[in-house]
Amino acid sequence: MEWKQRIEKQLAANIKEVKDAAYVQLATVANGRPANRTVVFRGFIGEDHSKETEWQSDLLCFDVDIRTPKIKQIEACPFGEICWWMSKTGDQFRLTGQMHLIANPTHPVHSSKTVPDHLAEDHICARHPEKGLVWDWEQERVRQWEKCSPGLRANWVWPSPGQPKASNDPSSIMQFVPKFDLKEPPAHPNGQQYTPEEHQELARLGKDHFVILAFEVERVDHYKPYEQPQQRVIFEKQEGTGEWKMTEVNP
Ligand SMILES: Cc1cc2nc3c(=O)[nH]c(=O)nc-3n(C[C@H](O)[C@H](O)[C@H](O)COP(=O)(O)O)c2cc1C
């Protein structure tokens, strides 16, 4: 798929020098109004940036928290747009499509309710079909959770995002720990150590809050303003056939 190859190639050309190259702006619709925020591109669902996995896909993966407003926005309206600027090479990608939330199966935002069956069939394929592996969304969610660095994972065990700080309960096990390792209990901010039971409970809560957002791309607008002459190409998925059509357009 040419748009995916372009993203991978340009991201690789930027990321070593520009850490921000994996930061994208993700827009949702909130009661008919735009809502926009920065999120980090975590790679394509089923894949890993440093080694080959059993799977490949063209679904963009983002890690989000079930307690944040974007979850309800996406449940109410799954359409979104990503705007991605890679400054070293001068590439803007605008990706339009639908968002799918993969949450803990016991949570009301459950994958089987929000993820249509065809999503995996149409977008994820096994590298070695002869092995007969079966795709499992929960397995992928857990893989992504375990892949997080302890510093990143801590976000999901903190008190609820967006709530007034004053409402934090000092007796709650949810505190602003700088790192959350799955093996070692973190140091409690009050200087004491979490007990193994508290650590286990925190790990359960963090994993419960952890959601992967799969972005299913329908249209890509790739614009290169630094080129002389400037270049702009649109990729559109054709309804019915599912084929991608590429059109060079005026910048
Ligand atoms: C550099 C940067 C990276 C971020 N990465 C993420 C991310 O990967 N996932 C996420 O949910 N929020 C991320 N955030 C926080 C979001 O921008 C946002 O503040 C938060 O998710 C709440 O969004 P909401 O209120 O629209 O749901 C990031 C913010 C910044 C500034």
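## The annotated domain

Which residues does UniProt list for "domain: Pyridoxamine 5'-phosphate oxidase Alr4036 family FMN-binding"? The record, an unreviewed entry, gives residues 2-102. Keep in mind as you look around that this is a predicted model.

## Around the ligand

Let's turn to the ligand. It is surrounded by 15 residues, and the closest are Arg 37, Val 39, Val 40, Thr 68 and Lys 70. Strand S2 (33-40), strand S4 (59-65) and helix H2 (69-76) each give two or more residues to this shell. S2 provides the largest share, five residues. By type, the shell has eight nonpolar, three polar and four charged residues.

## The nonpolar core

In soluble globular proteins, nonpolar side chains tend to be buried together. Here, the largest nonpolar core has 44 residues. Those touching the most other members are Leu 60, Cys 61, Phe 62, Val 211, Leu 213, Ala 214 and Phe 215. Several elements give two or more residues to this core, among them helix H1 (2-15), S4 and strand S8 (210-224). The largest share, eight residues, comes from S8.

Leaving aside neighbours within four places in sequence, Ala 214 is in contact with Ile 45, Leu 59, Cys 61, His 100, Ile 102 and Leu 119.

Helix H5 (residues 137-147) has Trp 137, Glu 140, Arg 141, Gln 144 and Trp 145 as its buried residues. Seen down the axis of H5, these fall within an arc of 140°, so they line one face of the helix. Exposed residues Gln 139 and Glu 146 sit on the face of H5 turned away from that buried side.

Definitions and conventions
Residues are numbered from 1 along each chain as its sequence is written. This is a predicted model: local features need pLDDT of at least 70, side-chain atom pairs count only at pLDDT 80 or more; totals for chains, interfaces and linings use all residues. A residue is near a molecule or strand if its C-beta atom, placed from the backbone, lies within 6 Å of it. Helices (H or I, at least four residues) and strands (E, at least two) are DSSP runs, numbered from the N terminus. Ala, Val, Leu, Ile, Met, Phe, Trp, Tyr, Cys and Pro count as nonpolar, Asp, Glu, Lys and Arg as charged, and the others, Gly among them, as polar. A residue is buried if 20 or more other C-beta atoms lie within 10 Å of its own, exposed if 12 or fewer, and partly exposed in between; C-beta atoms are placed from the backbone. The arc is that of the directions from the helix axis to the C-beta atoms. UniProt positions are given in the numbering used here, feature names are shortened, and annotations may be inferred rather than shown by experiment. A nonpolar core is a set of buried Ala, Val, Leu, Ile, Met, Phe, Trp, Tyr and Cys residues joined through C-beta atoms within 7 Å. Two residues are in contact if their C-beta atoms, placed from the backbone, lie within 7 Å.
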